[in-house]
Amino acid sequence: MRRYGLVVLLISLLNIESAQADFAAGAQAYDGGDYATAFNEWQEPAKTGNLAAMVALADLYRRGTGRKPNAAHAFQCYRRAALAGDAIAQMNLGEMHLRGWGIKTDRFRAWVWFDRAATQGRDWAREQKNMLEKSMSSAQLAKARKIGKIEK
């Protein structure tokens with residue numbers, strides 16, 4: 001039984017290294033302007049939980065870099081990474097909610113995602129959260145906090 005666990009661990013480590021290599025290859029392709037290759041290289045790491053790959057794919061979808069923009073796919077990628085704790089995804093998800101990019105405008109959920117990113121030390125997110133708070137009543141702020149507790 002111990003031997004089986006060691007084999008599983010080794011396979012997992014190899015998969016992590018492979019995913020990191022795929023992400024690096026995607027980043028190199030992106031930097032070279034080959035967005036189709038970057039997109040393809042980031043697919044597998046994103047599926048296996050690589051947060052940077054999820055955010056990178058979301059950016060390609062949102063901006064339409066090398067492909068047709070697809071806000072719904074961008075939202076899904078950002079949300080998955082944001083729920084896993086990625087601060088950049090949280091900021092982008094907050095902005096999508098705030099601006100209504102591909103989804104219905106929702107200032108409460110925007111506040112939630114900015115708050116989560118601000119908690120991780122992201123100054124821009126803190127500024128956005130503070131801006132929203134200034135435009136909210138105490139009841140609206142309480143509603144945003146309640147949504148934040150529910151949506152984890």
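Predicted model: local features only at pLDDT ≥ 70, side-chain atom pairs only at ≥ 80, totals over all residues.
Helix α6 covers residues 107-119. It has 13 residues and reaches 18 Å from its first C-alpha to its last. That is close to the 18 Å expected at 1.5 Å a residue. After α6 comes G121, with a positive phi near 90 degrees.

**Its buried residues.** Among the buried residues of α6 are F108, V112, W113 and R116. The buried residues of α6 pack against α4, α5, α7 and α8.

**Packing with α7.** Two packed helices are described by the angle between their axes and the distance between the axes. The axes of α6 and α7 come within 8 Å and cross at roughly 145 degrees. The crossing is left-handed. The table lists who makes the contact.

| Helix | Residues in the contact |
|---|---|
| α6 (residues 107-119) | R107, A110, W111, F114, D115, A117 and A118 |
| α7 (residues 123-134) | W124, A125, R126, Q128, K129, L132 and E133 |

By class, this contact has 8 nonpolar, 1 polar and 5 charged residues.

Q90 sits in helix α5. Is Q90 buried or exposed? Q90 counts as buried because its relative accessibility is 4%, and the cut-off for buried is under 20%. Leaving aside residues up to four places away in sequence, Q90 touches A82, G85, W113, R116, A117 and Q120. Of these, W113, R116 and A117 are buried residues of α6.

Definitions and conventions: Residues numbered from 1 in each chain as written. Heavy atoms only, no water. Axes fitted to C-alpha atoms, helices over the stretch in contact; angles between N-to-C directions. Helix = DSSP H or I, 4+ residues; strand = E, 2+ residues; numbered from the N terminus. Left-handed = near helix turned anticlockwise from the far one by under 90°. Contact = heavy atoms within 4.5 Å. Nonpolar A, V, L, I, M, F, W, Y, C, P; charged D, E, K, R; others polar. Expected span 1.5 Å × (residues − 1). Buried < 20%, exposed > 50% of the residue type's maximum accessible area, 1.4 Å probe, protein only.
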